[in-house]
Amino acid sequence: MTEEAVQEIGDKIVRVLKTIYDPEIPVDIYELGLIYDVFVNEENDAKILMTLTSPNCPVAETLPVEVEEKVKTLKEINNAEVEITFDPTWTQDMMSEEAKLELGML
């Protein structure tokens, strides 16, 4: 797979991630900084390393499943797996400027 093809798939995954929202914050999970990394291997399997705003997040059970299901809808992706990590711990500093502006923090 060419570097360009990998980049294109990565961009599509990001577009999907931007359609998923934290139910308590009106900002998508990508702009919130909850997505730490996205990997796609030669078999077109995606692995998404993400965190939650807190370990007690009410959507801790459902949000990773939603991410997997939505990423799997991309025709280029065979399978998707989400790994949750709390290292590093999420802080408001990880939010994009757009998210901070949306939440009135700028």
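Here are some notes on the model shown above, point by point.

1. **Ground rules.** This is a predicted model, in which local features need a pLDDT of at least 70 and side-chain atom pairs count only at pLDDT 80 or more, while totals for chains, interfaces and linings use all residues. Residues are numbered from 1 along each chain as its sequence is written, and side-chain values use heavy atoms, with hydrogens and water left out.

2. **Confidence.** The chain averages a pLDDT of 93, and 100% of the residues score at least 70; pLDDT is the predictor's confidence in each residue, from 0 to 100. Confidence is lowest in helix α1 (residues 3-17), with a mean of 91, and highest in strand β3 (residues 79-84), at 97.

3. **Layout.** You will find three helices and three strands in the chain, and their order along the sequence is α-β-β-α-β-α. The radius of gyration is 14 Å, close to the 13 Å that the globule rule gives for 106 residues, so the chain is as compact as a globular protein of that length. Helices (H or I, at least four residues) and strands (E, at least two) are DSSP runs numbered from the N terminus; the radius is taken over C-alpha atoms, and the globule rule is 2.2 Å times the number of residues to the power 0.38. Along its principal axes, the C-alpha trace spans about 40 × 25 × 25 Å.

4. **Packing and surface.** Buried residues make up 38% of the 106 residues, where buried means under 20% relative accessible area, exposed over 50%, and partly exposed in between (1.4 Å probe, protein chains only). Of the contacts (heavy atoms within 4.5 Å) between residues at least 6 apart in sequence, 58% join residues at least 24 apart. The chain exposes about 6400 Å², with carbon and sulfur atoms supplying 49% of it; areas come from the Shrake-Rupley method with a 1.4 Å probe, and for residues only the protein chains shown count as cover.

5. **Two backbone spots to look at.** The peptide bond from Asp87 to Pro88 is cis, with omega near 0°, and Pro88 sits in the loop between β3 and α3 (97-102). Asn44, in the loop between β1 (35-40) and β2 (45-50), has a positive phi of about 65° although it is not a glycine. For context, most residues other than glycine have a negative phi, and most peptide bonds are trans. Asn44 is also buried, at a relative accessible area of 17%.

6. **Lys12 and Lys75.** Lys12 belongs to helix α1 and is buried, with a relative accessible area of 19%. Leaving aside residues up to four places away in sequence, Lys12 touches Leu74, Lys75 and Glu76. Lys75 itself lies in the loop between α2 (63-72) and β3 and counts as exposed, at 74% relative accessibility.

7. **Val82.** In strand β3, Val82 counts as buried at 12% relative accessibility. Not counting residues up to four places away in sequence, Val82 touches Ile48, Met50, Pro64, Val67 and Glu68. The C-alpha atoms of Val82 and Lys12 are 16 Å apart, and the two residues are 70 apart along the chain.
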